[in-house]
Amino acid sequence: MIDSTDRQRLPESVQELQSFLKEDELRDSILLLFANKQDLQGAMKVEELIDAFQLNQLKRPWHIEASCISAGRCFGFHEGFRWAADVLTNKIPATSFPSSPSPSSRILEDDIKQKQEKGELLTKAEKNVLKERQQESLYLKWLSPDEDTSE
């Protein structure tokens with residue numbers, strides 16, 4: 001996870017990541033980075049971080065996801081972990097890299113809920129976020145069915 005607002009420590013973060021990626025134990029691993037604090041003014045854009053970390057030069061599957069987790073706001077984590085799960089279960093071919101962050105990860109779910117409560121029309125992207133969340137919810141229920149075993 002990268003603090004997208006901390007430009008001073010970016011060189012240190014780049015060096016640490018490069019060091020980790022040289023470890024033998026991580027040679028065949030995938031890389032998922034969360035560009036956190038995207039809700040704050042002055043946060044580095046995902047494209048800036050791709051350049052700073054030289055992700056396009058990596059010879060492994062990688063993905064960077066814009067994210068935010070703060071009081072009442074959370075986005076990007078479902079998308080990032082979904083990407084990792086899809087890669088690890090071979091749902092995404094290795095030729096699809098590098099990947100770009102999903103546009104829906106930049107939309108705050110709370111903002112969508114507020115618009116709905118006010119009766120405002122949702123954009124297509126906002127509707128897609130809601131649809132993704134519903135699908136995730138159904139999928140998670142399918143993975144963990146209720147333990148109700150009525151006989």
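pLDDT is the predictor's confidence in each residue, on a scale from 0 to 100.

**Figure 1. Confidence along the predicted model.** The structure shown here is a predicted model. Its protein chain has a mean pLDDT of 78, and 71% of the residues reach 70 or more. Among the elements of the chain, α1 has the highest mean pLDDT, 95, whereas helix α5 (residues 124–143) has the lowest, 65.

**Figure 2. Two segments with pLDDT under 50.** Over residues 103–107, pLDDT stays under 50; for this segment the model has 18 contacts beyond four places in sequence. Residues 147–151 also have pLDDT under 50 throughout, but for them the model has 0 contacts beyond four places in sequence.

Figure 3. Three strands form an open sheet in the order β1-β2-β3, with parallel pairing. Strands β1 and β3 are the edge strands, each pairing on one side only. Helix α3 (residues 77–88) packs on the sheet and touches β2 and β3. The direction of helix α3 makes about 175° with that of β2.

**Figure 4. Pairing between β2 and β3.** The parallel strands β2 and β3 are joined by 5 bridges. Within this pairing, A35 has A66 as its bridge partner in β3.

**Figure 5. The largest nonpolar core.** This core has 17 residues. Those with the most contacts inside the core are L31, L33, L49, F53, L55 and I64. Two or more residues are given to the core by each of α1, β2 (31–36), α2 and β3 (62–66). Helix α1 provides the largest share, 4 residues.

**Figure 6. Surroundings of L33.** L33 is one of the residues with the most contacts inside the largest nonpolar core. Leaving aside neighbours within four places in sequence, L33 is in contact with I2, L17, L55, H63, I64 and E65. Of these partners, L55 and I64 are also listed among the residues with the most contacts inside the core.

**Figure 7. The salt bridge between E48 and R7.** A search of the whole structure finds 4 salt bridges, one of which joins the side chains of E48 and R7, with an N to O distance of 2.9 Å. The pair links distant parts of the chain, 41 residues apart. E48 lies in helix α2 (residues 46–52), while R7 lies in the loop between β1 (2–3) and α1 (10–21). E48 counts as partly exposed because its relative accessibility is 34%. R7 likewise counts as partly exposed, at 44% relative accessibility.

**Figure 8. The salt bridge between R9 and E12.** The closest N and O atoms of R9 and E12 are 3.7 Å apart, and the two residues form a salt bridge. R9 has a relative accessibility of 47% and therefore counts as partly exposed. E12 is partly exposed as well, with a relative accessible area of 42%.

**Figure 9. The salt bridge between R27 and D24.** In this pair, R27 forms a salt bridge with D24, and the closest N and O atoms are 3.7 Å apart. Are the two partners buried or exposed? R27 counts as exposed because its relative accessibility is 52%, and exposed means over 50%. D24 is exposed too, with a relative accessible area of 53%.

Notes. Residues are numbered from 1 along each chain as its sequence is written. This is a predicted model: local features need pLDDT of at least 70, side-chain atom pairs count only at pLDDT 80 or more; totals for chains, interfaces and linings use all residues. Side-chain values use heavy atoms; hydrogens and water are left out. Buried means under 20% relative accessible area, exposed over 50%, partly exposed in between (1.4 Å probe, protein chains only). A nonpolar core is a set of buried Ala, Val, Leu, Ile, Met, Phe, Trp, Tyr and Cys residues joined through side-chain atoms within 4.5 Å. Contact means heavy atoms within 4.5 Å. Two strands pair if DSSP finds at least two bridges between them. Axes are lines fitted to C-alpha atoms, for helices over the stretch in contact, and angles run from 0 to 180 degrees between N-to-C directions.
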